[in-house]
Structure formats: structure tokens, C-alpha cells
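Subject: Structure handover and notes

Hello,

Please find the structure below for your files.

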Amino acid sequence: MRKCLLLLVCLSLLSSCAPERRRRTGYESFIGINEKELVNIVGAPDSVYEMGNEKFLTYFKTGSAYAGYGHVVPQLCKITFVFYKKRLDNWRYEGNMCDAYIDSINLH
């Protein structure tokens, strides 16, 4: 029993460090828009990469937050929009400030 509990705790810790790879619920309405529409909403991307029929637009946001007792915690968010045949097919994000960043760029 103790080994199972230890295994569950370890798996939980490992999964909490993994980047978020799923499409966020409630934001599917952006799926299908073209690149120009996304850039009009979000702004110019920080990087662009193309591979075959896919194009990746990536946005970065960094900052810091006061955590008390004089500690400052770095914050970041990386959002990648994946276009397939010139239409937004999916997007993913990773980082500890993505909820605030997503809200700030009105992705809803």
C-alpha cells in the first residue's frame, strides 16, 4: 500500500511539470480562423515556423510576481498556434502565467 501511495505521489509530481498540450475548453471558437484574423486579435507573433502544410505562430510573455518575504517569482507563458492549410487547427500553451496572458489577449 505504501509503495502504491509513493508511486501515485511521484506520478502526480511528474505530470504537474509537463506542459499543457490540450485545447482549452471554451476557446474552440478560434479554431478555423486564418492567420490574419489571429494576428489582428493577438498581434504579431514572436516567432514563426513552417513545415509542410503547417505553420506555427508562437507568442512569449514573461514577467515576475511578488511571492512575499522579498521573493520574486519569474513568470512565463508560451502559446503556439498551429495552422494547417492556412486555418487554425490547434493551439497549446505552457508556463505558469498562461491563464492571465490568455485573458489579456482576449482568447475567448
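Predicted model: local features only at pLDDT ≥ 70, side-chain atom pairs only at ≥ 80, totals over all residues.

Residues are numbered from 1 along each chain as its sequence is written, and side-chain values use heavy atoms, with hydrogens and water left out.

Fold

The protein chain has three helices and four strands. Helices (H or I, at least four residues) and strands (E, at least two) are DSSP runs, numbered from the N terminus. Along the sequence the pattern reads α-α-β-β-β-β-α. Of the 108 residues in the protein chain, 24% are buried. Buried means under 20% relative accessible area and exposed over 50%, with partly exposed in between, using a 1.4 Å probe and protein chains only.

Strand pairs and turns

Two strands count as paired if DSSP finds at least two bridges between them.

- E1 (residues 47-51) pairs with E2 in the antiparallel sense over five bridges, and Tyr49 stands opposite Phe56 in E2. The hairpin of E1 and E2 has two residues between the strands, and Gly52 there takes a positive phi near 65°.
- E2 pairs with E3 (residues 71-84), again antiparallel, over 14 bridges. Glu54 stands opposite Tyr84 in E3. This hairpin also has two residues between its strands.
- E3 and E4 are antiparallel and share eight bridges, with Ile79 opposite Tyr93 in E4. Two residues lie between the strands in the hairpin of E3 and E4.

Tyr69, in the loop between E2 and E3, has a phi near 55°, a positive value in a residue other than glycine. Tyr69 is exposed, at a relative accessible area of 81%. Lys85, in the loop between E3 and E4, has a phi near 50°, which is likewise positive in a residue other than glycine. Lys85 is exposed as well, with a relative accessible area of 54%.

The C-alpha atoms of Ser47 and Thr80 are separated by 9.3 Å, and the two residues are 33 apart along the chain.

Core

The largest nonpolar core has 18 residues, and Leu38, Tyr59, Ile79 and Phe81 have the most contacts inside it. H2, E2, E3, E4 and helix H3 (98-104) each give two or more residues to this core. E3 gives the most, with four residues. A nonpolar core here is a set of buried Ala, Val, Leu, Ile, Met, Phe, Trp, Tyr and Cys residues joined through side-chain atoms within 4.5 Å.

Salt bridges

A salt bridge is a side-chain nitrogen of Lys or Arg within 4 Å of a carboxyl oxygen of Asp or Glu. By this rule there are two salt bridges.

Glu35 forms one with Lys55, the closest N and O atoms being 2.9 Å apart. Glu35 lies in helix H2 (residues 35-42) and Lys55 in strand E2 (residues 54-68), so this pair ties together parts that are 20 residues apart in sequence. Glu35 is partly exposed, at 27% relative accessibility.

Glu37 forms a salt bridge with Arg87, with the closest N and O atoms 4.0 Å apart. Because Glu37 lies in helix H2 and Arg87 in strand E4 (residues 87-95), the pair ties together parts 50 residues apart in sequence. Glu37 is partly exposed at 35% relative accessibility, and Arg87 is partly exposed at 42%.

Largest pocket

The largest pocket has a volume of about 160 Å³. Its lining consists of Asn34, Glu35, Glu50, Gly52, Asn53, Glu54, Lys55, Phe83, Lys85 and Lys86. By class, that makes one nonpolar, three polar and six charged residues. (Pocket: on a 1 Å grid over the protein atoms alone, an open set of points where a 1.4 Å probe fits, with protein on both sides within 12 Å along at least five of seven lines; lining residues have an atom within 4 Å of a point. Points are joined across faces, edges and corners, and the volume is the space filled by probe spheres set on them. Ala, Val, Leu, Ile, Met, Phe, Trp, Tyr, Cys and Pro count as nonpolar, Asp, Glu, Lys and Arg as charged, and the others, Gly among them, as polar.)

Regards
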